[in-house]
Amino acid sequence: MASPDDHDHHHHNHDHTHEDTKATSWVGADGKVYHSHDGLAPHSHEPIYSPGYFSRRAPPLIDRNFSERAFTIGIGGPVGTGKTALMLALCKVLREKYSLAAVTNDIFTKEDGEFLIKHGALPEERIRAVETGGCPHAAIREDISINLGPLEELSNLYKADILLCESGGDNLAANFSRELADYIIYIIDVSAGDKIPRKGGPGITQADLLVINKTDLASAVGADLSVMERDALRMRDGGPLVFAQVKHGVGVEDIVNHILQAWEVSTGNKKR
């Protein structure tokens, strides 16, 4: 059993400290290490022992009721890879034919929600920004109520067809719970170097779709896209992968097609 110290060291390699968040850890009755901080409900983090396997990812929930909360897309990935830009691009493409709403997560601000509003992604009332505090992955994995509340409310208010939920930027160990996201997109970019796909982690290996963004920067940082493609396909057991320049619209249509295909399968609806 990992000690709380190991646990924190393992999971909180973000660029912040927990001193000011009054984090406390304890071992629960189930033997897992729990902690509470930033006003989040007490939660534990599942230990992650391997980079993960695409074929063993959590399947979509069988008994999901889409009339309570519409089909929900989770968009995750490290800081600065293009999550919010992808949210904007998806809204622009899908909003004509589908009723959409969006929830964004930031650690200490509402920056991403404000970005979507400023760029007219959707009418302002269809966008909610959530401040997660210092553990953004908890809000998409262990303590998802902070996101479920606004998603359910927006879903019912606007009879949504599709909901978008953007996680706060995090490390490679962050991934969405299936209780929250029916379809998970994980977005990385080439500027961090071509080694990222082979580092794995549940986002890279188990997201329903991996997006490798900012391919136009590959030559500037000396990243080899063929290496990234080879490694990503190997790490993902051949799971789907899209190379993109989201800001320039490259690859967006592919991403939308993957989403709508999953939406059809899950909801039984036909794409419009």
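Me: What makes Leu-86 and Ile-185 contacts of Ile-75?
Reply: Contact means heavy atoms within 4.5 Å. Ile-75 touches Lys-83, Leu-86, Met-87, Leu-90, Cys-165, Glu-166, Ser-167, Phe-176, Ile-185 and Ile-187, leaving aside residues up to four places away in sequence. This is a predicted model: local features need pLDDT of at least 70, side-chain atom pairs count only at pLDDT 80 or more, and totals for chains, interfaces and linings use all residues. Residues are numbered from 1 along each chain as its sequence is written, and side-chain values use heavy atoms, with hydrogens and water left out.

Me: Why is Cys-91 called buried?
Reply: Buried means under 20% relative accessible area (1.4 Å probe, protein chains only; exposed is over 50%, partly exposed in between). Cys-91 has 0%, so Cys-91 is buried.

Me: And what makes Cys-135 buried?
Reply: Its relative accessible area is also 0%, so the label applies to Cys-135.

Me: How do you know how many disulfides there are?
Reply: A disulfide is a pair of cysteine sulfur atoms within 2.5 Å. A search of the whole structure finds 0.

Me: Why are β8 and β9 called paired?
Reply: Two strands pair if DSSP finds at least two bridges between them. Strands are DSSP E runs of at least two residues, and helices are H or I runs of at least four, numbered from the N terminus. β8 (residues 183–189) and β9 have 5 bridges, in the parallel sense, so they pair. Ile-188 stands opposite Ile-212 in β9.

Me: What makes β9 mostly covered?
Reply: In β9 (residues 209–213), 5 of 5 residues are buried.
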